[in-house]
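Look at the model below and follow its chain from one end to the other. The text after it starts from a single residue and then widens to the whole protein.

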Amino acid sequence: MAKAQDFTAMFKDVMGTFPVDTKALEDAFKNQATLSEKLSGVALTAAEKSAEISNKWTKDTLAKLSEMSKAKAEPADYAKAMTDFASANAEVAAENMAAFAEVAKKVQMETVELMLAAGKTMQEDATKVVKKAADDVTAATQKATAAAK
C-alpha cells in the first residue's frame with residue numbers, strides 16, 4: 001500500500017530552514033505606533049486651535065449682538081446698528097477664516113514632514129530587512145546544500 005505523505009512535517013522542516021526575523025516586525029510596529037502618535041498630536045493641536053478660534057469668534061459675535069440689541073432713540077439708529085453689525089461680522093469672518101486656513105496649512109506642512117521622515121525611515125528599515133533576509137536565505141541554502149551532500 002502507498003503510504004500517505006506527511007505534508008505537515010515537510011512544511012515544518014521548510015519553515016524551520018528559513019528563519020523569520022521577528023525583530024523587524026517589532027521595529028515596524030514601533031515605528032508605526034510612533035508615527036501614529038505624532039500624527040495624532042498634529043490633529044489634536046489643530047483641533048485645539050480651531051476650537052479656540054471658534055470660541056473667540058462666538059464671543060465677538062455675541063458682544064456685537066449685545067451692542068446691536070440695545071434700545072435706540074431713533075428708528076434710523078436701528079438700521080445703522082444692523083449695518084454696523086453686518087459689516088463688523090463680515091470683517092471678523094474674514095479674519096477667522098484666515099486663521100482657520102493658517103491652522104490647516106500648518107497641519108498640512110507638519111503631516112508632509114512626518115510622512116517624508118517616515119518614508120525615509122521605512123526605506124532604510126526595508127533595506128536592512130531585505131539585506132538580512134537575503135543573507136539568512138543564502139546561509140540557509142548553503143546549510144541545506146551541505147546537508148544534502
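T61 is found in helix 2, which covers residues 22-68. This is a predicted model, in which local features need pLDDT of at least 70 and side-chain atom pairs count only at pLDDT 80 or more, while totals for chains, interfaces and linings use all residues. Residues are numbered from 1 along each chain as its sequence is written, and side-chain values use heavy atoms, with hydrogens and water left out.

T61 counts as buried because its relative accessibility is 19%; buried means under 20% relative accessible area, exposed over 50%, and partly exposed in between, with a 1.4 Å probe and protein chains only. Leaving aside residues up to four places away in sequence, T61 touches F85 and N89, where a contact means heavy atoms within 4.5 Å.

The protein as a whole has three helices and zero strands, in the order α-α-α along the sequence. Helices (H or I, at least four residues) and strands (E, at least two) are DSSP runs, numbered from the N terminus. Of the 149 residues in the protein, 10% are buried. Among contacts between residues at least 6 apart in sequence, 82% join residues at least 24 apart.

The accessible surface of the protein is about 11700 Å², and carbon and sulfur atoms account for 65% of that area. Such areas come from the Shrake-Rupley method with a 1.4 Å probe; for residues, only the protein chains shown count as cover.
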